[in-house]
Amino acid sequence: ACCGTPLDLAVEENQLCGACLVRRPAYDRARAALAYGDVSRDLVLALKYQGRRDSLDLLARWMTNAGADLLQDADIVVPVPLHYFRLVRRGFNQSVWLAAALARSSGARLAVDALKRVRATPIQGGLSVEGRRRNVQGAFRVRKGREAVVRDKKVLLVDDVLTTGATAEACSRALKRAGAQCVDVLTLARVAAPRTVPI
């Protein structure tokens, strides 16, 4: 019900996993269209690193189906931003493409410039859960002059992949500090391993 991690057993509609019972994430709910694996990895990497948009409408439809309740509640759709240097190097932000497609299909307002990555961070791949959390700590904030766009709004944060949730949580904290009423997360894919429970 909260982190959106697939569970092995049938559960009640509002059931929380053990990790969410111990420590709720900074975001309110998360959903993903696909489990990250052999097939979905090719789709994600083609979008993320090759800039392939030929399947964008299909991917957005899958995300719309997976996050229908989140989209229905959303006032604004906000993509996870890239740092300026990475954006210039890559030439595009795949999260913006996904967010724009979702905003078009839902009628929610797209706020592409609401959130800013204020610190260039190393790529998250290969980092531990704690390493990822430290890597993005303080890396995001609501852009100066855009606080009113976020304040008292139900925000749908959009990214390509949810791995440990460190980026989604860092973005959610920044949005909530700026007054967002709630922050839901919708991604194309997610690593389906359960969140760890601290002991």
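Predicted model: local features only at pLDDT ≥ 70, side-chain atom pairs only at ≥ 80, totals over all residues.
Reader: How many bridges join E2 to E6?

Author: There are 4 bridges between strand E2 (residues 76–79) and E6, and the two run parallel. Take Val78 as a case: its bridge partner in E6 is Leu157.

Reader: How are two packed helices described?

Author: The general idea uses two values: the angle between the axes and the distance between the axes. Now the case. H3 packs with helix H6 (residues 94–106) at an angle of about 65°, and their axes are 9 Å apart. The crossing of H3 and H6 is right-handed.

Reader: Which residues make that contact?

Author: From H3 come Leu56, Leu59, Ala60, Met63 and Thr64. From H6 come Trp97, Leu98, Ala101, Leu102 and Ser105. By class, the contact of H3 with H6 holds 8 nonpolar residues, 2 polar ones and no charged ones.

Reader: What is the angle between H7 and H9?

Author: H7 and H9 pack at about 35°, with axes 9 Å apart. Their crossing is right-handed. Arg132, Arg133 and Val136 in H7 meet Ala166, Thr167 and Ala170 in H9. The residues of this contact divide into 3 nonpolar, 1 polar and 2 charged.

Reader: How do I check the span of H9?

Author: Count 1.5 Å a residue. The 12 residues of H9 (residues 166–177) should then span 16 Å. The end C-alpha atoms of H9 are 17 Å apart, which agrees.

Reader: How many residues of H9 are buried?

Author: H9 is mostly covered, with 9 of its 12 residues buried. Among them are Ala166, Glu169, Cys171 and Leu175.

Reader: What do the buried residues of H9 pack against?

Author: The strands are E4 (115–117), E5 (140–142), E6 (154–162) and E7 (182–190). The helices are H7 (129–136) and H8 (147–150). Just after H9, Gly179 takes a positive phi of about 105°.

Reader: Is Val142 buried or exposed?

Author: Compare its accessibility with the cut-off: buried means under 20% relative accessible area. Val142 has 9% relative accessibility, so Val142 counts as buried. Its place is in strand E5.

Reader: Which residues does Val142 touch?

Author: Leave out residues up to four places away in sequence. Val142 then touches Ala114, Leu115, Glu147, Val150, Ala174, Leu175 and Ala178. For distance along the chain, take Ala99: Val142 and Ala99 are 43 residues apart, and their C-alpha atoms are separated by 17 Å.

Reader: Where is Cys3 placed?

Author: Cys3 is in the segment before helix H1 (18–22). Cys3 is buried, with a relative accessible area of 3%. Cys3 and Ala26 are 23 residues apart in sequence, and 9.9 Å apart in space, C-alpha to C-alpha.

Definitions and conventions: Residues numbered from 1 in each chain as written. Heavy atoms only, no water. Expected span 1.5 Å × (residues − 1). Buried < 20%, exposed > 50% of the residue type's maximum accessible area, 1.4 Å probe, protein only. Contact = heavy atoms within 4.5 Å. Axes fitted to C-alpha atoms, helices over the stretch in contact; angles between N-to-C directions. Left-handed = near helix turned anticlockwise from the far one by under 90°. Nonpolar A, V, L, I, M, F, W, Y, C, P; charged D, E, K, R; others polar. Pairing = 2+ DSSP bridges.
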